[in-house]
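Good morning, and thank you for making time for this item.

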Amino acid sequence: MNDLRIDVSHLPTYAFGHRSLMWWGVAALMAIEGTIFALLITMYLYLKSRALEWPPGFFAPMLLWGTVNTAVLILSAVPNHLAKRAAERQDLRGLRWWLGVSIGVALVFCGVRVLEFRTLNVWWDSNAYGSIVWTLLGFHTTHLITDVIDSLALETLLFTGPMDESHFVDAAENAIYWDFVVIAWVPLYALIYLAPRLA
Amino acid sequence: MMPVDYQSALHPAGPQAASIAQLWWFMLAVCVVVYGLVMATLVAAVFRAHAVRQAQAERSLTRTVTTATALTTVALFGILVASVRTGRAVGPPDGPVDPLGVEVTGYQWWWDVEYQSPSPPNTVRTANELHVPVGRPVRILLAATDVIHSLWIPNLHGKMDLIPGRRTELWLQADTPGVYRGQCAEFCGLQHAHMALTVVVESPAAFEQWYAAQKQPARPSSTTQTQHGEQLVTRGPCALCHSVRGTDAGGRPGPDLTHLQSRRTLAAGTLPNARQPLEIWITDPQHVKPGVKMPPVGLSTEERAAVVAYLETLR
Amino acid sequence: MTTARWLPVWLLLVASVACERETRRYRELPASASRPGAIAISELEPGGRTPRTPVLSPYQENAYGIAEGKRLYSAYNCNGCHAQGGGGIGPALMDEKWLYGSEPDQIYSSIAQGRPNGMPAFGSRVPAQQLWQLVAYVQALSVQVPRDAAPSRSDDLNGHAAEAQLDIKVPRMTGHR
Amino acid sequence: MTPPYDQSGDGLSNAEIEQLTDTWREPPGLVGWLSAVDHKTIGLRFIVTAFTFFVLAGLLAAAMRVQLARPDNDVLGPDLYNQVFTIHGTTMMFLFAVPVVLGIGIYFVPLMVGARAIAFPRLLAFSYWMYLASGLFLYTMFGLNVGPDRGWFSYVPLAGPEYGVGKRADVWAQLVTFTETSGLGVAVCLVVTIFKLRAPGMSLNRMPLFVWAELVTAFMVIFSMPSVFLASGTLIMDRLVGTHFYNHAEGGDPLLWQHLFWFFAHPEVYIIFLPGNGLVSTIVSTFSGRPAFGYTALVLSLVSTGFIGFGVWVHHMFTTGLPQFGVSFFTAASLMIVVPTGLQVFCWVATLWSGHVRFATPMLYALGFFQVFVLGGLTGVMLASVPLDAQLHDTFFVVAHFHYVLIGGSLFPLLGGLVYWFPKVTGRMLDERLGRVVFWLFVVGFNVTFFPQHLLGLMGMPRRVYTYPAEMRWGTLNLLSSLGAAIMFVALSLYLWNIVRALRHGTPAPGNPWQASTLEWATTSPPPPYNFAPLPTVSNREPLWSASWPDQPIITGLATDRREVLVTRLMDADPDHRREFPAPSPWPFITAVAATGLYVGSIFTPWAVLWGAIPTTLGVLGWVWPRHGQRPSDLARALGGAGTEQRRS
């Protein structure tokens, strides 16, 4: 029979950052996705190393839309960051606003992404080069769309409820995931648009 | 009849296979000793009357475990050195050599063997049988056009894959005359199990004799029956896939039949090469080797007899 | 529960289809794969048209048979004249135009008996089973076989999309050097 | 030793206990069954499903042994044989070995770390349904004669668009995508549970070794499975939409497939046997009545194995003609990984040496593990050598090797572990006498089956041949091997019988039947839905063995009227905050059904990916969308009403 007690009823019911479960869940997800991106990049370089000319038989992708889009994506980090801050301040109005802006920017990005596919100058079934660039671009686009849907759902929730403080945590994690999508794009941009020109 | 162990890694017939076998016995010795020690200690540990635990005992255990780990590392290093040295020994020779150049191409499910020669007319093409002179290094260029195969002649060397779109090579040498057997070692589909080749290691003289014979085109057939057979083979279905040098039959998808009778087996080591198996094979290849690319061609009895009679003249 | 009652029926259906698609039919020469009898080379007959009885192509729903046909198509050098179905010396096989009919038995006799202006007769050299496999592949080239039995792209240089995708026509891009 | 907190929940009133039970109980009925999220329910489902597939794959193995029992046999034709050996390997690797070790982790990790529940329970449920769907999918297709027949490694071009005729190779590829989705989900749950839900006081250096093993395993899953995910995805694309990743003529490369596949498939071997090592540590320590010798060394071995495991994949490609220097590096790495494994073995032997060994059935399986696994490890050393591998690669020697490693390293500990934890899960004991008989039958049958295969390999018998000519003189050893398989078959049947019988009339289990030291024995058997009435705390590695255990502090103040768990800090596991966990929900099941439609459809048309994505997305939204009546929060009130009702009754 023991009478030693540790009473935890005073502890908070949510926490931000690495203290929260959600942060670790997102971190694990990013580890998985990051590994896939890394492997895709490796595949690209592997195929490149086996080719005599690169890109084989095609012009390199046109720079314009890809570059524009990179700029848009990097810009999107700003409203995204502000949204994260608002979430951590638990400032609902601010969060609603900045998350909305982020979604807007993301949608612009997705629109331009369509043009990007047009400027690749190659089809996925033309040769291995076409296959890998389409896959790289397509896989990244999938992440964009997923995160946009996620953000839209969250935004709706912010207006309709039911919600509690823990949803601010979710919003913060959502922002972190968007940062991941942005950061992941930089090497992909270099690979898709610049590597063929260096070769 | 072929000798016992004519497809065995433990009965080397050449320097490469020999040094690998040597490495095997070395590693086996090391591993048996290690296994014995571990098992003995385990049994002792389990059945020994256990002592009361005290810090002193723990410390001595720590020392023992550390030593064991250190010894393991040393042993592994020894194995690494031995392995790398063997690897060098069985690789391409460093010094200048005059190798016999053979190009082996894997198909589903047979081997195309082509002896390269500086003068094209001297090029010899056969199938599922590799002849090597004793004591001369052989450089085998490996290629595949359909799927991945792997050439493995355990008595002479380890295996090397044949990969579409890549060139690989295998250097080997045979010192003991005899007949050995090789087999495809990479799963390649329905008849992976029946994709063998015969390796004949013979004296240089015998080899030259065989080579000269192989260079010859097929003799024109004499009797009416064999002439009928020749008609069927060279103008009929067979010629679409098989070639018989010196006739119109120039098909490439199947094995070259010019000197069929000089070979020991049929259908890539599936059947011994004799009249009855040959008849069975021609009649219903899909029964003998299900899925093989050779179709039943629906010959009448006398047609088949004629074809077999003709094929038997291809020596 | 009605769905549950129909489940076995449905499964049997799928099973029969799947088995037909996937069976490796190398052992038997299918009964229907015999040589069709005298086949009119032209539709013009004395005394008006008699309704033609369609002959089933034994391999047109069998992935293995079609794939074998594809192999023979290049092994027997059909691509020498017809290319990968796009045509060249010989007519294209991928389009809708058929000079001698698109019915399986018509294709069969085109290969077996040959046609004027260069198409040789293979009937005496290619066994019936392989002829039917070639027929099935020619049908595949013009997308007359079930998509899940049609072969996909080959492991070689191919400008054309995989047979299975022939009906998704992707516009080529202006990027080729 | 009886559990220190009995059902009356010293520190919790009966009313609170009832409320806890009511809060954490799975909902009733079919919908409730589909909505289950309790890690014990799901973990058990994983284990039972995995063993069902184990039995199926075992029957396929038996069929192969019948076919190979004598030369020129024709019980199975080449077409069927190729499907059988492919599905045997695929099932054992993807549908048994990995799911079962993860399943054991799902069930026991939360109990061993003293947590209320597992993290992300709905993700866990989803992972199970995906896993189940994948297995049903494979065997349905097999029944329809669309069983994969290209080997569990599915090498291109044999499995590529031109030579992989029909849909069989696609079935394999999508099966892999399925199971990887499931495995990755479980891995995330395990990592987060181990990092954030440990009982106060259980700092990382006090975690049970089994938990460490599951942690390393989960991380290996996270970093290796994306590789095969990508491989199967690109294979499907090559076959379905005509990409050229593996078409050498258009710049692709068949070897790229082998790199991607083995970069996953070698780590998978460690994924499979590291939890086995964790089990051995647990069993050896328990039955020697002392803490495992060299805790730190064992943990470091697990971790370094995890790292080195990613650096050895090329030793599956030694015969592809890669540059000599490169392959020497991989020889070195493959030999290096023997060091941590060896160290573990030495530590276990030292534990036995300095302990007092009790020969219960689990201990017998641990000893069997040594006999088998060490031998497999040594043949592994041989295969690490490039020239020797050139002879042994793709022969029956390799078949023998990896069955010694995998059955020895994973199945023996698993069979022991099931006996060990059976009382915990069911509250009943297995028959000890029958258990011993089964063990001896199994260990004999195993060695008779697989030892001769070493010799067959050296005598030149390649793998994956559906038959062999009589003149090769491989008949006798093959017959012997088949006889051994029959013995194993009998042994495993008796093992199952023992379980079935014990479920009915096994003797009730005492609280801690093996006098174990870990937390899962600190609650009742079977554990209540909430695992521990008041959450425990720990102050050392062997809580139940420490003299101070009875007056170890307990946790109070967690809500009993809703699913509230205690989240602790990563390193020292200090209480951090309370988190409300999601209730049971049918949405993970619905999502899994939608995703199944996507995967299966994408075998036939690329559009299935698009049309399947829509219901899947809706499913996920339904799954994450908060329900009304969660804990009323100041914020919710501030927002005017939204979500202020009390939780539904």
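What share of the 177 residues of chain C counts as buried? The figure is 37%, where a residue is buried if 20 or more other C-beta atoms lie within 10 Å of its own, exposed if 12 or fewer, and partly exposed in between, with C-beta atoms placed from the backbone.

Before I continue, please note that this is a predicted model, in which local features need pLDDT of at least 70 and side-chain atom pairs count only at pLDDT 80 or more, while totals for chains, interfaces and linings use all residues. Residues are numbered from 1 along each chain as its sequence is written, and chains are lettered from A and ligands numbered from 1 in the order in which they are written.

Let me stay with chain C for a moment. Chain C has five helices and zero strands; helices (H or I, at least four residues) and strands (E, at least two) are DSSP runs, numbered from the N terminus. In order from the N terminus, its elements read α-α-α-α-α. Among the contacts in chain C with a separation of 6 or more, 66% are between residues 24 or more positions apart. Two residues are in contact if their C-beta atoms, placed from the backbone, lie within 7 Å.

I turn to chain A. Its secondary structure consists of five helices and one strand, in the sequence pattern β-α-α-α-α-α. Chain A has a radius of gyration of 21 Å, well over the 16 Å that the globule rule gives for 199 residues, so it is more spread out than a compact globule. The radius is taken over C-alpha atoms, and the globule rule is 2.2 Å times the number of residues to the power 0.38. The C-alpha trace of chain A spans about 75 × 45 × 25 Å along its principal axes. In chain A, 42% of the 199 residues count as buried. Of its contacts between residues at least 6 apart in sequence, 81% join residues at least 24 apart.

Next, the way the chains meet. Chain A and chain B do not touch, and their nearest C-alpha atoms are 11 Å apart. Which chains have the most contacts among the five pairs that touch? They are chains B and D. Chain B brings 60 residues to this contact and chain D brings 66 residues. On the chain B side, the elements that give two or more residues are helix H1 (15-47), helix H2 (55-90) and strand S7 (160-162). H2(B) gives the most, with 15 residues. By class, this side of chain B has 35 nonpolar, 20 polar and five charged residues. Here Ala, Val, Leu, Ile, Met, Phe, Trp, Tyr, Cys and Pro count as nonpolar, Asp, Glu, Lys and Arg as charged, and the others, Gly among them, as polar.

Helix H11(D), residues 338-354, has 17 residues and reaches 24 Å from its first C-alpha to its last, close to the 24 Å expected at 1.5 Å a residue; the expected span is 1.5 Å times one less than the number of residues. Of its 17 residues, 16 are buried, so H11(D) is largely enclosed by the rest of the structure.

How do S4(B) and S10(B) run, parallel or antiparallel? They run parallel and are joined by five bridges; B:Val132 stands opposite B:Val201 in S10(B). S9(B), residues 178-184, and S10(B) run antiparallel and are joined by six bridges. B:Gly182 has B:Leu197 of S10(B) as its bridge partner, and B:Arg181 stands opposite B:Thr198 in S10(B). S10(B), residues 196-202, is mostly covered, with five of its seven residues buried.

B:Pro133 counts as buried because it has 21 C-beta neighbours inside 10 Å. Leaving aside residues up to four places away in sequence, B:Pro133 touches B:Leu100, B:Glu202, B:Pro204 and B:Phe207.

Technical notes: Pairing = 2+ DSSP bridges.
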